[in-house]
Amino acid sequence: MTADVWLPIPPDEIDGLPEGPDYRFWNGGEDFPADPADCAFYVVPYMKPSPLCVRPLGRMSNVRVVQTLSAGIDHVEPGLGRLPAGVRLCNARGVHEASTGELTLALILASLRGIPDFVRAQDRGEWLGGFRPALADKNVLIVGYGSIGEAIEDRLVPFEVARVARVARSERTTARGPVHPLTELPALLPEADVVVLSTPLNESTRGLAGADFLSRMKDGALLVNVARGPVVDIKALLAELETGRITAALDVTDPEPLAREHPLWRAPGVLISPHVGGPTSAFLPRAKRLLVDQLNRYVNREPLRNVILTTGASTG
């Protein structure tokens, strides 16, 4: 039985790894640390381009688990067809909720309270006073109510928002209230002062925030994207931003990184952060805890957490 585990974090820096596997460190370097055919458990390098992440998959003929360190799996999906049947793909649920929730609130507050304007005024030595919108008493719509959406709502509660509406692929009820299906999104958008996108990227969400979606947002509303860049139709967003009707705060764009001459940099009413929702000081300890837990489960033949799909399995 193959026993190699490929880790993007040096194994001697992770306390609690189970004995048994041969741990190999690979964080996307040109040379593989061992024969990919001997890898049983592949932990995908974090924040690396998709072609690099999937490069070894075609040679991993004996792999049983592919574990991402991101909440999304879109960067490894192009390589899944190269894998044998029965491989479990797991995401990093539990790793990024705190950091992404923090950044979401930071983007909302910075946009509403005009922090970018204050920074520019400080550079000019200008005292820029005046009234600004508050988050208090606002209606917030979270589109994509998984664990990150829940974490965002956790952090919204102390800010005295008027209402949080929740949307996910399918309808359900939570302790905080109902989660509406995507089919109800058109009716919910006109009521929201702040719309937060935290969906995974798949065929149903690619281009979700297009011209129709954006046109349904109320005048003066703020769009916040902490999901994936292609969830938003950038051309449609630029058209709305140019009118000044809505504003936006984007941690992700399409493409990434934005070229220096891209018009989104200079569009009015937009705040851009360079895809930093996950990479913070909170990442490494949570990622290590996830890997220790998953690998102990794997070695002890216990059910793995966060299994998104199994290759070759029928989707019904």
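Two strands are taken as paired if DSSP finds at least two bridges between them, and strands (E, at least two residues) and helices (H or I, at least four residues) are DSSP runs numbered from the N terminus. The views show a predicted model, in which local features need pLDDT of at least 70 and side-chain atom pairs count only at pLDDT 80 or more, while totals for chains, interfaces and linings use all residues. Residues are numbered from 1 along each chain as its sequence is written, and side-chain values use heavy atoms, with hydrogens and water left out.

View 1. An open sheet of mixed pairing is formed by 6 strands in the order S2-S1-S3-S4-S5-S14. Strand S2 (22-25) and strand S14 (307-310) are at its edges, and because each has a single partner strand, one side of each is left without a neighbour in the sheet. From one strand to the next the twist averages 20°, where angles run from 0 to 180 degrees between N-to-C directions and axes are lines fitted to C-alpha atoms, for helices over the stretch in contact. Helix H8 (residues 283-299) packs on this sheet and touches S1, S2, S3, strand S4 (65-67) and strand S5 (88-90), its direction making about 160° with that of S3; contact here means heavy atoms within 4.5 Å.

View 2. Strand S1 (residues 4-7) pairs with strand S3 (residues 39-43) in the parallel sense over 3 bridges. Trp-6 stands opposite Tyr-42 in S3, and Asp-4 has Cys-39 of S3 as its bridge partner. S3 also pairs with S4, again in the parallel sense and over 3 bridges, with Val-66 in S4 as the bridge partner of Tyr-42. Because 5 of the 5 residues of S3 are buried, this strand is largely enclosed by the rest of the structure; buried means under 20% relative accessible area, exposed over 50%, and partly exposed in between, with a 1.4 Å probe and protein chains only.

**View 3. His-75 in the loop between S4 and S5.** The loop between S4 and S5 holds His-75, which counts as buried because its relative accessibility is 14%. When its neighbours within four places in sequence are left aside, His-75 is in contact with Val-44, Ser-50, Cys-53, Val-54, Thr-68 and Ser-70.

View 4. S6 and S7 pair in the parallel sense over 5 bridges, and Val-140 stands opposite Val-164 in S7.

**View 5. The largest cavity, beside S6 and S7****.** A search of the whole structure finds 1 cavity of 30 Å³ or more, and about 50 Å³ of space lies in the largest cavity. On a 1 Å grid over the protein atoms alone, a cavity is a set of points where a 1.4 Å probe fits but cannot get out, a pocket is an open set with protein on both sides within 12 Å along at least five of seven lines, and lining residues have an atom within 4 Å of a point. Grid points are joined across faces, edges and corners, and a volume is the space filled by probe spheres set on the points. The lining of the largest cavity consists of Asn-139, Val-140, Leu-141, Arg-163, Ala-165, Leu-188, Glu-191 and Ala-192. Strand S6 (139-143) and strand S7 (163-168) are the elements that give two or more residues to this lining, with the largest share, 3 residues, coming from S6. By class, the lining has 5 nonpolar, 1 polar and 2 charged residues, where Ala, Val, Leu, Ile, Met, Phe, Trp, Tyr, Cys and Pro count as nonpolar, Asp, Glu, Lys and Arg as charged, and the others, Gly among them, as polar.

**View 6. The second largest pocket and the helices H2 and H3****.** The second largest pocket has a volume of about 460 Å³ and is lined by 26 residues, of which Ser-111, Thr-247, Gly-269, Val-270 and Leu-271 lie nearest its centre. Helix H2 (97-113), helix H3 (115-124), strand S12 (247-250) and S13 are the elements that give two or more residues to the lining, which by class has 14 nonpolar, 5 polar and 7 charged residues. The axes of H2 and H3 cross at roughly 65° and come within 5 Å. Leu-109, Ala-110 and Arg-113 in H2 meet Ile-115, Pro-116 and Phe-118 in H3, a contact that has 5 nonpolar, no polar and 1 charged residues.
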